[in-house]
Amino acid sequence: MASVSLSSHLNKSVRQQYMSLPQGGKCQVTYIWIDGTGEGLRNKTRTLDSEPNSLNDVPEWNFDGSSTYQSEGSNSDMYLSPVRMFRDPFSLDPNKLVLCEVLKYNRLPAETNHRASCSKVMEQVKEHCIWFGMEQEYTLLGIDGHPYSWPANGFPQPQGPFYCAVGADHAYGRDIVECHYKACLYAGITIYGTNAEVMPSQWEYQVGPCEGIEMGDQLWVSRFLLHRVSEDFGVVASLDPKPMKGNWNGAGCHTNVSTKQMRDEGGLQYIEQAIEKLGKKHAEHIRMYDPHGGKDNMRRLTGLHETSSIDDFSAGVANRGASIRIPRQVGQEQKGYFEDRRPAANCDPYAVTEAITVTCLLDSEDADESK
């Protein structure tokens, strides 16, 4: 069985004794940001004199960018600009989690701050009321990198009995999944649901529907909660798109998309128009769908294990082997949404939603026809 961290064995009842102490009216605010890898999350906490009522009450802060792959030591201070606030499920009310954009010394967005450009795009298309729902797959690993609850010197039985499974021999790590779900609800994340995935020790949760920039904000904070909950259990939540070589499913972040016109009667024609535009920009989107320009997805998008080939663009009704899936109900009702199945589990949701929005609504000579 995979190993868990030593910290998870610390006496939690002793910890609870201190966590239940009153705070004297003070408030702990944990600042969260994306580091220079484009997929790692960092955080640090400060004390405010009172509970903030809005972001206006949360001061800008700074950090050492040379320790997060974001600057050189000779000019290392970077700014944390608060953009969205959530309740803190770990230290409880009145304490807060605050997602921040990272700005460089000259106050320009850091290289991995894709939120800044995404926000501008979403503002441009706000009349379309574009909604997203993202399906975050992840794999539970021991701190030795071996999938949690897999045999130490072998493999579990082949895939088949694990998807949406129940039972100790088929569902591994459910405590983490359920605690993360509750943490998301407490924090104010728009979590839609969760389920066990096809590969054992692999799970999925869905966030959305969220409009515009809120999609990226909510998914990033839900990921922070996932890593933080997993830490308490001494287990690692990996977003690697292909954590295990061989005949095992990879991990994606399928992205569901709809505009107001797609949701209205006859919306299927606008879905089909969007898919046609996406097909023309397939290679460009692949570069935006993982933090390494498509290299991570090369391991996952093989045309096997419910994926399309990274080299080809395809679309179909109820086809999980296509780049874009139109749900069967959407095909029947002639309106709704489409699912882009290409984004990797470790994608930046800001980059993904911006790319989709630009291609479908802005980056076309006939963009006016989709309004």
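Which residue stands opposite Leu80 in S4? Trp61 does. Before going on, note that this is a predicted model, where local features need pLDDT of at least 70, side-chain atom pairs count only at pLDDT 80 or more, and totals for chains, interfaces and linings use all residues. Residues are numbered from 1 along each chain as its sequence is written, and side-chain values use heavy atoms, with hydrogens and water left out.

Back to the strands. S3 and strand S4, residues 77-87, run antiparallel and are joined by four bridges. Strands here are DSSP runs of E with at least two residues, helices are runs of H or I with at least four, and both are numbered from the N terminus. Two strands pair if DSSP finds at least two bridges between them.

S3 and S4 belong to an open sheet of five strands, ordered S2-S1-S5-S4-S3, with mixed pairing. At its edges are strand S2 (41-48) and strand S3 (61-64), each pairing on one side only.

Now the record. An unreviewed UniProt entry lists residues 27-107 as "domain: GS beta-grasp"; such annotations may be inferred rather than shown by experiment. That stretch is 0% helix and 48% strand, and its end C-alpha atoms are 27 Å apart.

Last, the whole chain. The protein chain has ten helices and 13 strands. Of its 371 residues, 52% count as buried, meaning under 20% relative accessible area with a 1.4 Å probe, protein chains only. Its C-alpha atoms fill a box of roughly 60 × 50 × 40 Å along the principal axes.

Methods
Buried means under 20% relative accessible area, exposed over 50%, partly exposed in between (1.4 Å probe, protein chains only).
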